[in-house]
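This report describes one protein chain, beginning with a single residue and then moving to the chain as a whole. A second residue is taken up at the end.

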Amino acid sequence: MVKLIYWHKNKISCALYRDGMEMPTGYDLIEHSHDFRVHLLKRLAAGLLDAAIVFIPATVLVYLIGLEPRELLTGTLSGFGWFFYSVISEARTGSSLGKRTLGMEVVSKDGPMTLSKAVVRNVPKVFWFIFLPLDVFVGLSRDADPRQRWVDSVAATTVITVGKQ
């Protein structure tokens, strides 16, 4: 029997499963769902916009002051800056400027969005060059909510498109 997977309006629908089959992974949905691919691309664009908001000033600051080693300090300072920027904006409003621009919001799956949930879900941004890609790939490989990075599952949060419940 063929496995059909649908992604529509922030919901996953699966049909025609054989007995014993598990929920699809994010990789399955990437292959079969245009809506899910659009969701991931919007998250990527929002992340790049947020990164630019933090990385550009951090880079300018490190180079103007003349700190050494420049590349290491820029990456580290930007990571901590991105972490604090994301935690504060997501805990207060549920979205960063990038997410808000693209109509997305971070929501808690078990109650209100809190500062502690924002801290947990944004820890990989501190060392973004190692942990953030790993977090995304592990999240896509799980057979749970494919919108969640791995730390989103730990924090019980997810990113949704606002207005498409």
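In this predicted model, Ser96 sits in the loop that runs between α3 (70–93) and α4 (97–101). Is Ser96 buried or exposed? Ser96 counts as buried, because its relative accessibility is 0% and the cut-off for buried is under 20%.

Which residues does Ser96 touch, leaving aside those up to four places away in sequence? They are Asp50, Tyr85, Ser89 and Glu90. With Asp50, the side chain of Ser96 also forms a polar contact of 2.4 Å, side chain to side chain.

Along the sequence they follow the order β-β-α-α-α-α-β-α-α-α-β. The chain has 165 residues, and 38% of them count as buried. Its accessible surface is about 9100 Å², and carbon and sulfur atoms account for 68% of that area. Taking contacts between residues at least 6 apart in sequence, 61% join residues at least 24 apart.

Arg43 is a residue of helix α2, which covers residues 34–65. Arg43 is also buried, because its relative accessible area of 16% falls under the 20% cut-off. Not counting residues up to four places away in sequence, Arg43 touches Met104, Arg121, Arg147, Arg149, Asp152 and Val159.

The table sets out the two residues.

| Residue | Relative accessible area |
|---|---|
| Ser96 | 0%, buried |
| Arg43 | 16%, buried |

Technical notes: Residues are numbered from 1 along each chain as its sequence is written. This is a predicted model: local features need pLDDT of at least 70, side-chain atom pairs count only at pLDDT 80 or more; totals for chains, interfaces and linings use all residues. Side-chain values use heavy atoms; hydrogens and water are left out. Helices (H or I, at least four residues) and strands (E, at least two) are DSSP runs, numbered from the N terminus. Buried means under 20% relative accessible area, exposed over 50%, partly exposed in between (1.4 Å probe, protein chains only). A polar contact is a pair of N or O atoms within 3.5 Å; within protein, one must be able to donate a hydrogen and the other to accept it, and residues adjacent in sequence count only if both atoms are side-chain atoms. Contact means heavy atoms within 4.5 Å. Accessible areas come from the Shrake-Rupley method with a 1.4 Å probe; for residues, only the protein chains shown count as cover.
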